[in-house]
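Okay, thanks everyone, let's get going.

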Amino acid sequence: MAGKKIRNPLIKRLPREFLGEWKKYLVVFIFLVAIIGSVSGMYVANGSMLQAADEGIEKYKREDGNFELEKPASEELIKGLESGKQADILEYFKTEGKKELDDKFDEEFNKEFDEAFNEEIGKQVRENVKDLDMTEDQIKDLISDSIEEAKASEEYEKEYKDAYDEAYNEALDEVSKEVEKEYKKASDKYELDKDNEAVKGIRIYENFFADLSEGEESKIRVFKLQDEINTPSVFEGTLPTDTNSIAIDRMHADNAGLKIGDTINIGGKDLKITAFIALPNYSTLYENNSDTMFDAIKFDVGVVVPELFEEMTNEDNLRYSYAWRYDTRPESEEKENELSERFLKVVITQVLADDNKLEDYLPSYLNQAINFATDDFSKDLGMVGVFMDIFMVVIAFIFGVTISSTIAKESKVIGTLRASGYTRGELIRHYILVPVVITLIASAVGNILGYTVFKDVVASMYYNSYSLPTFEVVWNLTALYKTTLIPFAIMFFVNLIVITYKLRFTPLEFLRKDLKKTKRKNAMRLPRWSFFKRFRLRIIFQNVSSYLVMALGVIFIMFLMAFAIGAPDTINKIKDGAEGMIVCDYQTLLKSTTDEDDNEIVTSVSSEKFSLESLRIENKNINEDVSVYGIADGSSYVPMKDLASGEVMITKPLAQKYGIKVGDEFELNARFEKVSYKFKVGAIEDKYLTLAVFMPAGDFNEKFDREENEFSGFFSNERINDIDDKYIAKVITIEDIMKTVDQLDHSMGNSMFYFQVVCVILAAVLTFLLTKVIIDKSENSISMVKILGYKNSEIASLYIVGTTIVFILIEFIGMALGIGLITLAWEAILQSMSGWYEFYVSGISMVKMIVFVFIGYLLVVLLDFRRIKKVPMDEALKNVE
Amino acid sequence: MVKETFLTVSNVYKAFGEGDSRQEVLRGMDFTVAKGEFCVLLGPSGSGKSTLLNIIGGIDSADDGYISIAGDKLRDMNEKALTMYRRKHLGYVFQLYNLIPNLNVKENIEVGAYLSDDPLDIDELLNTLGLWDHRYKLPNQLSGGQQQRTSIGRAIVKNPDILLCDEPTGALDYNTSKEILKLIEDVNQKYGNTVIMVTHNNAIQDMADHTIKLRDGKVRKNIMNDNKISAVDLDW
């Protein structure tokens, strides 16, 4: 009696395969779930937070850019700006020139004309009376009378008018020429001649602020509470309603350990914290856009009621910042860039025409305080995505090695199946099922955990660094693609290649276990070493594929380990040597170098004058500021190296980041104007931390068209207290430079330690999986040498010592490659950020890397020893063929 | 009555190795086997019997000459066609059983059943094989004879035209060997498959319809046995 067509029974092996090797598969499964879950959580959280940030642009009326003026803008200026049209500054210059001429001309002309007229009358009188006997006093009286008489005549009036008209027209001509010259200069600088289409639909909002002290160590940027622009998202509490309250940034409050209801001293006034907020234009607490890193520890933002704002600010601390918003937001960053370039010309010309001065201009797409967090999401996602892909490749290869070993072990069964009519495709599908099923189940579980647990973990990580608005979870297609399709594809294709390659033999070759294509007749000859050494070497040769996968895994682990250990090393190196890496303890920048009475501002504190210009360097990722210093001759703060005329000295970070060498010429651009400056490098100074150029003060003033003795401020190692605050623009201290490092240190915190632990566990898992393959493969030989009378310890030394030697070798190679790769990755990351820090791993840390990963290995060796002990002696007898 | 020729082995040559190490294993082998015949390939080690069986089974190829089964020549088939040929027409039984260790007896037989569109009833077969009580055991819980029964079950469940047996009793003791031979005999009679069995055990020729004696890669004797006895009566 015939039976019915049945389903492939090989599928029934699957649960037994899982149960039989449950330890191995559980370890792989847990790791897959952990990594897929984390990455899924990251995509879900980041996607949701990005959506919240996007929605926040409208919800919290986030600015599209801001600019700062020297003094408050007039109503006309605001109107001009909102018109979106470039001001006619030629007309402005002309009007101004004429106004100036009109103001001064009469007085100057009259003085000059009078002098000439009086002199002429005097000359004539003296000529007429030269033969008369008159005293000098009599002559003077006569001259005086004659002048009066002449002035009263009609002829004088005509002569005066003619002279006046002629002189006025001449002066006006001069002014016109001067105006045109000035306009030409400005036009070249800002490219005003090019057609600048009006920027339509732009609204300007006053967004004044003041930087005040907060407590003893922090600084807070206080804004007026308003509902038109950059409105706060409230996390906890209620917005201030009286003049004794303030709402501050949630992130900073977390870092500073502040709670709702606490009282803090802001600019000398005690205020009660009523709310924790996030401002849409400060999702990352960057004090200055040129800072390398944000500072949520010592920098804060807050809002107070308008009355309190008026009370706390004065013309010395008030910053006249204006925000703008487009009625219709540009669709892409490219369009936003084009629009903001056009608007910059509008601002420059309108501000100039209104007799004001532009201090800063920052469209939102360039604003790190707005974009850093969201950019960081994408960068992190990119990085984590790559990590996961590499991890998946490693796991896929581990499966590949395991399956290869199974195929070798089941060679005769495969031969029988193939001889019975099973196709190669059916067997490929059968063997690929295990990794694929595990990956799919791990993806499903990982994604469930990603959407439920991990997304909160990831979000809390970001909320620890950034001031982001609250978010709701949104479905993320990329997460599905990255955490299910990609792992599946990697696992599928790697194993497809490995299995197809391993199943390439004929049924007969499988039946004969003839699975080596090399057809080497004799075993490789080995040197005349001891038997044990040769035995170990044979084991190593026999397991080359496992060791190759192990090498791949160890390089990956060492790469992670190099970061986990090297990043704190780098930070510590900067922290420890910071004192020696700065020019001086205080760089006091002045608003003006003369006081109200036009006297030069001086200080009694031991100091040295310097000049400073902040320029920009071309970088495809960001606009990075470079400080160009003019240094006094024989400076005790910045000892200049020997430079030829016209050469400059640059810092090592600048040289490294932009690949500039001694003898090279490089270009820096003015921040707003279309002006660039070329510098020839005469020397590179190793010790400084910032991107800077140093040149003799004389050369500096010449290069930047400044007066001979002009300067920007003072270098000193003590705080300068004897200059009125109103003349001081900024004091740069070591804390300002160290805030980057402090923030990095804070952001990384203990996470690097956990990262190191993860690396050790990863090393252990990798070793566990691969040494298992090696021992499983050698079960027969192990069993046989047991029968021959070898002790377990001897067998372990044969099988474990060989692997240990290879592992240590791989560790050293992995460490070198890991450090090399992470240095490249670090440099690539820093290329997209401001500043530059050389990646550093100390000698001790290198030892740590080797030791930590080896600890992971040692844990597994103990298990391996147990495994070897458990291999039964009849194994060899059972499998005699 | 003249039986219909099912398998033709025509002037088959096969050599292994090259140059000095070249060894001719089959040197012009010729014979035919009729449908439903129990044919034994008998010969000492190195006589070429296993090589010939492998070529008949389509897992090895002849250097010259051909094999045809029901008129189809194997040398005209590509790898895919050969796989299909094995799938549809052949059942293999090996000396060392080659069972799948983590499938039980029934499932190991299902592995064979899967290949056929019209397999035998597995439960009935298990009874025939005397494995009904052991059907849920894994191979390592079985004796050698039971394992070989399972492997025969796997081979015949798809009711192949030809059952190829490569020293099926080579690893078994006397009694178990006889049991297995009886089973093959029963299968041959019950399902009418052509059986080609490789053995070096002379006694087995007594139960065959047709014995081909090989030596040095050639057919030395081609004997039709009109007085065959049952496997249970064999003695060696």
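Let's start with a greasy bit: L809(A), I813(A), L817(A), L821(A) and L824(A) make a nonpolar surface patch of about 480 Å². A patch here takes residues with over 30% relative accessible area and no salt bridge, joining nonpolar side chains (Val, Leu, Ile, Met, Phe, Trp, Tyr) within 5 Å and like charges within 9 Å. The areas are Shrake-Rupley with a 1.4 Å probe, and for residues only the protein chains shown count as cover. A salt bridge means a side-chain nitrogen of Lys or Arg within 4 Å of a carboxyl oxygen of Asp or Glu.

Before I go on, this is a predicted model, where local features need pLDDT of at least 70 and side-chain atom pairs need 80 or more, while totals for chains, interfaces and linings use all residues. Residues are numbered from 1 along each chain as its sequence is written, chains are lettered from A in the order in which they are written, and side-chain values use heavy atoms, without hydrogens and water.

Helices are DSSP runs of H or I, at least four residues, and strands are runs of E, at least two, numbered from the N terminus. L821(A) counts as partly exposed because its relative accessibility is 39%; buried is under 20%, exposed is over 50%, and partly exposed is in between.

Now the charged one. D106(A), E107(A), E108(A), E112(A), E115(A), E119(A), E120(A), E155(A) and E159(A) gather in a negative surface patch. Which element gives the most to the negative patch? That's α4(A), with 7 residues. E108(A) is in α4, and at 51% relative accessibility it counts as exposed.

Most residues other than glycine have a negative phi. K513(A), though, has a positive phi near 55 degrees. K513(A) lies in the loop between α14 (507–511) and α15 (531–542) of chain A, and is partly exposed at 38%. Over in chain B, E167(B) has a positive phi too, about 45 degrees, in the loop between β7 (162–166) and α6 (174–191). Is E167(B) buried or exposed? Buried, at 9% relative accessibility.

Last, chain B as a whole: 6 helices and 10 strands, with 58% of its 236 residues buried.

Terms used:
Lys, Arg positive; Asp, Glu negative; His and termini not counted. Charge placed at Lys NZ, Arg CZ, Asp CG, Glu CD. Buried < 20%, exposed > 50% of the residue type's maximum accessible area, 1.4 Å probe, protein only.
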